[in-house]
Amino acid sequence: MRNRRVCFVPAVVRKPILIGVLAVGFVSHLCFAQEITVAAAADLQFAMQDVAARYQKETGKTVKLIYGSSGNFFQQIQNGAPFDMFFSANLDYAKKLEAAGLTEPGSYYEYARGKIVLWVRSESKLDLSSGMKVLLDPSVKKIAVANPQHAPYGLAAVAAMQKENIYERVKDKFVLGENISQTASFVVSGSADAGIVALSLALSPNMKDKGRYAEIPADEYPPIAQACVILGSSKNKEAARQFLSFVKTAAIGDLLKSYGFDVQVGAAK
């Protein structure tokens with residue numbers, strides 16, 4: 001029978017190796033646990049990127065951002081979607097989740113109010129000084145609007161057009177976006193001649209140099225009051241609470257204001 005070599009690692013060597021492997025695994029787990037997943041209304045697409053970048057720079061912790069319409073997120077969360085936090089562009093969705101016992105008690109926070117604007121590309125000949133009446137111009141064939149069935153900005157757009165008594169005359173021209181971000185992209189790409197979008201997107205790096213906007217008076221549509229909650233199903237509640245505290249700071253309030261949001265720092269309810 002052949003002699004076989006047996007590789008023997010002394011216990012004094014094996015123990016540090018084992019500790020090292022366990023330590024790497026533990027640190028990896030901590031790094032993973034520090035990341036939270038946030039479902040955010042599409043009007044926050046650029047503002048929240050800045051918020052998350054500042055948070056990571058200050059704390060070393062990361063935030064995974066997923067954007068979409070508030071109504072769709074509401075349904076997904078009811079069906080058990082694995083988010084840690086939800087930033088809704090409509091108070092009702094956050095309140096309904098709270099009433100259903102699906103949120104962490106005391107985490108409800110009204111972080112901002114959004115605004116809508118009429119937006120056209122730079123090369124458009126439309127005169128925005130006449131406000132939404134310009135949508136009656138014969139050259140306007142397609143109007144981008146967020147789907148009012150589940151997008152708060154779509155509801156606001158419809159309300160404003162009804163207030164201006166133009167809704168019935170232009171509704172057949174609508175190109176409906178799944179959320180306000182997609183709605184804005186329709187106008188940027190030329191798929192629509194004009195659109196009613198979030199001011200936060202009109203001021204974003206992606207749009208501010210590509211078009212012109214006219215702000216729609218706030219008294220022409222219901223307030224787009226927005227709130228966030230920590231979800232009761234979150235496995236990272238402590239990290240979520242830390243991020244919520246960060247969002248409540250004056251610095252982040254100022255950041256949101258720079259994107260056109262109305263903010264009352266500390267307006268938790």
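# Sheets, helices and salt bridges in a predicted model

Tutor: Five strands form an open sheet with mixed pairing, in the order β2-β1-β3-β10-β4. The model is predicted: local features need pLDDT of at least 70, side-chain atom pairs count only at pLDDT 80 or more, and totals for chains, interfaces and linings use all residues. Residues are numbered from 1 along each chain as its sequence is written, and side-chain values use heavy atoms, with hydrogens and water left out.

Student: What makes β2 and β4 edge strands?

Tutor: β2 (63-68) and β4 each have a single partner strand, so one side of each lacks a neighbour in the sheet. Strands here are DSSP runs of E with at least two residues, helices are runs of H or I with at least four, and both are numbered from the N terminus. From one strand to the next, the twist averages 20°.

Student: How do you know that β4 pairs with β10?

Tutor: Two strands pair if DSSP finds at least two bridges between them. Five bridges join β4 to β10 (residues 224-230), and the two run antiparallel. Tyrosine 109 has cysteine 228 in β10 as its bridge partner.

Student: Which helix packs on this sheet?

Tutor: Helix α3 (residues 70-78) does, touching β1 (36-41), β2 and β3 (85-88). Contact means heavy atoms within 4.5 Å.

Student: Why are α2 and α9 called roughly perpendicular?

Tutor: The axes of α2 (residues 45-59) and α9 cross at roughly 115° and come within 11 Å. Axes are lines fitted to C-alpha atoms, for helices over the stretch in contact, with angles from 0 to 180 degrees between N-to-C directions. Under 35 degrees counts as roughly parallel, over 145 as roughly antiparallel, 65 to 115 as roughly perpendicular and the rest as oblique. α2 and α9 are therefore roughly perpendicular. Residues that meet there include Met48 and Tyr55 in α2, and Phe243 and Phe246 in α9.

Student: How do you know that both faces of β6 are covered?

Tutor: In β6 (residues 143-146), Ile143 and Val145 on one side and Ala144 and Ala146 on the other are all buried. Buried means under 20% relative accessible area, exposed over 50%, and partly exposed in between (1.4 Å probe, protein chains only). In a regular strand, side chains alternate between the two faces of the sheet.

Student: What makes β7 and β8 partners of β6?

Tutor: Four bridges join β6 to β7 (residues 174-177), in parallel. β6 and β8 (residues 194-198) are also parallel, over two bridges. Alanine 144 stands opposite valine 175 in β7, and isoleucine 143 has alanine 194 in β8 as its bridge partner.

Student: Why is the contact of lysine 115 with glutamate 215 called a salt bridge?

Tutor: A salt bridge needs a side-chain nitrogen of Lys or Arg within 4 Å of a carboxyl oxygen of Asp or Glu. For lysine 115 and glutamate 215, the closest N and O atoms are 3.9 Å apart. This pair links distant parts of the chain, 100 residues apart. The structure holds six salt bridges.

Student: Are glutamate 123 and arginine 121 buried or exposed?

Tutor: Glutamate 123 is exposed, at 53%. Arginine 121 is buried, at 17%. The two form a salt bridge, with the closest N and O atoms 3.1 Å apart.

Student: What separates glutamate 238 from arginine 241 in α9?

Tutor: About one helical turn, because they lie three residues apart in α9 (residues 237-247). Salt bridges that share partners join Glu104, Glu238 and Arg241 into one network. The side chains of glutamate 238 and arginine 241 meet at 3.2 Å, N to O.
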